Every structure is written in structure tokens, then in C-alpha cells.
Amino acid sequence: MEAPDIPLPDIEEDAVLDPPEQDELSLEEVTKLMLDEEDAKPSKVVNLELIATRCLPQDFLKQATSEEEILEKAKEVSHARLDRERIHKLSNTLVELPRLTHLYLQYNRLEDTSILAGCHNLRFLTLANNFLSEVKGLASMKSLLFLDVSFNLLDDADHLVDALPPSLRFLNIESNPVCPAVGDEDYRREDYLFLRECLCA
């Protein structure tokens, strides 16, 4: 007995077949690709152009006619948000801002903070998520009240104590080698109290 003929679907000669579906990337893989792409971008140095772009009104920058005019306007800045700019080096431009009281430098590539010794009026400073193995230039800051150096590479408690100003009232050193691996809140509180005892001794 012959098998019945089964009609085949019509396929146009120039039809393009869809390629097989590829596995979608996981969230972790996508995140890693994004981080690798970000790490590959070049580092920056803090300069007047960067400060102006982040801290001054765009309308003013469009009308400004000289670098001197921009610098004079920048001298009025009290809060400088320079986070997530791939900054690896600070400069004297920050020292030229006499009204600067709040400085945000988290999520950069900093390894040295000594230039900040000239920022005498800083009250708030965050350096979280950088590459700092020590903090320099902060001991002489008589107005500094808030300091966040969490998620860095600080590993010397004695040096850290010597590097901090006695004016300090809040300190976050979470996720540094200098800290023991204990619970989050207890961890921050216990290390803060330990450092405060050293500062007040």
C-alpha cells in the first residue's frame, strides 16, 4: 500500500529563514558588560570645564565669553557634585572655590586626596567607591563634619586615625579592609566609636 502524498507548504524562492534564537544574556552578564565598557573609558582630571559642566547653569555657560568669567562664577559654588565621572586625579581648581562646603566624589577612580588640604571650608565630603588605600589632606580641615570613605582600600587603622580631623561627627568606613566583617549597623557603629575614642584620646 502506497503512502498518501502529504502536501508541503509553499516557500518562496527568495524567502529568508529566521536564524535560530540565541539565549538571552542574564542580568549578571549584562551588568558585567556594562561595567567592562565603563572601565574601558578614559579617566579624567578635575578641571574648570568639568566643574562648570556639572555645577553651573547651562544658560550661563552658553553666554559666557571667557574662562575668567566662568571661574568667577564657579567661585560661588558651595555644592560640587562630581560623582561618577571616572576622575583619577584632583587639581588646584577645587582649592580656588572658596565657598565650597559640600563635595561629592563617590564612584570615581581616586587614589590620592592630598590636594583637598587646601579646601578649608569643606563640611561634607564623600569619597565612597574609589581606590584609596589612605586618606591624605584631611587632618587640617577644621570644619569637616561628615566623611564617607566606604568601599575603598583602607587597611591601616592607625594611619586613618591620624588622618582624620577632630571636628568630624560622622564617619562611614564600611567595606574597607580595616574593618572587621560583622553586621552592617553594628559594624559601622562599633568602628566609628573605636575611631572616635582614638581621636579624643
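Leu116 is in contact (heavy atoms within 4.5 Å) with Leu90, Leu94, Leu103, Leu125, Gly137, Leu138 and Met141, leaving aside its neighbours within four places in sequence. The model is predicted: local features need pLDDT of at least 70 and side-chain atom pairs count only at pLDDT 80 or more, while totals for chains, interfaces and linings use all residues. Residues are numbered from 1 along each chain as its sequence is written, and side-chain values use heavy atoms, with hydrogens and water left out.

Leu116 is also among the residues with the most contacts inside the largest nonpolar core, together with Leu82, Leu94, Leu103, Leu105, Leu125 and Leu147. This core has 41 residues. A nonpolar core is a set of buried Ala, Val, Leu, Ile, Met, Phe, Trp, Tyr and Cys residues joined through side-chain atoms within 4.5 Å; buried means under 20% relative accessible area, with a 1.4 Å probe and protein chains only. Helices H2 (48-55), H4 (67-74) and H5 (157-163) each supply at least two residues of the core, and the largest share, four residues, comes from H2. Helices (H or I, at least four residues) and strands (E, at least two) are DSSP runs numbered from the N terminus.

In H2, the buried residues are Leu48, Leu50, Ile51 and Ala52. Their cover includes strand E1 (44-45), helix H3 (58-63), H4 and E3. At the start of H2, a side-chain oxygen of Asn47 comes to within 3.3 Å of the backbone nitrogen of Glu49.

Thr101 lies in the loop between strand E3 (87-89) and strand E4 (102-104). Thr101 counts as buried because its relative accessibility is 19%. Not counting residues up to four places away in sequence, Thr101 touches Ser78, His79, Asn121, Leu122, Arg123 and Phe124.

How values were computed:
Buried means under 20% relative accessible area, exposed over 50%, partly exposed in between (1.4 Å probe, protein chains only). A polar contact is a pair of N or O atoms within 3.5 Å; within protein, one must be able to donate a hydrogen and the other to accept it, and residues adjacent in sequence count only if both atoms are side-chain atoms.
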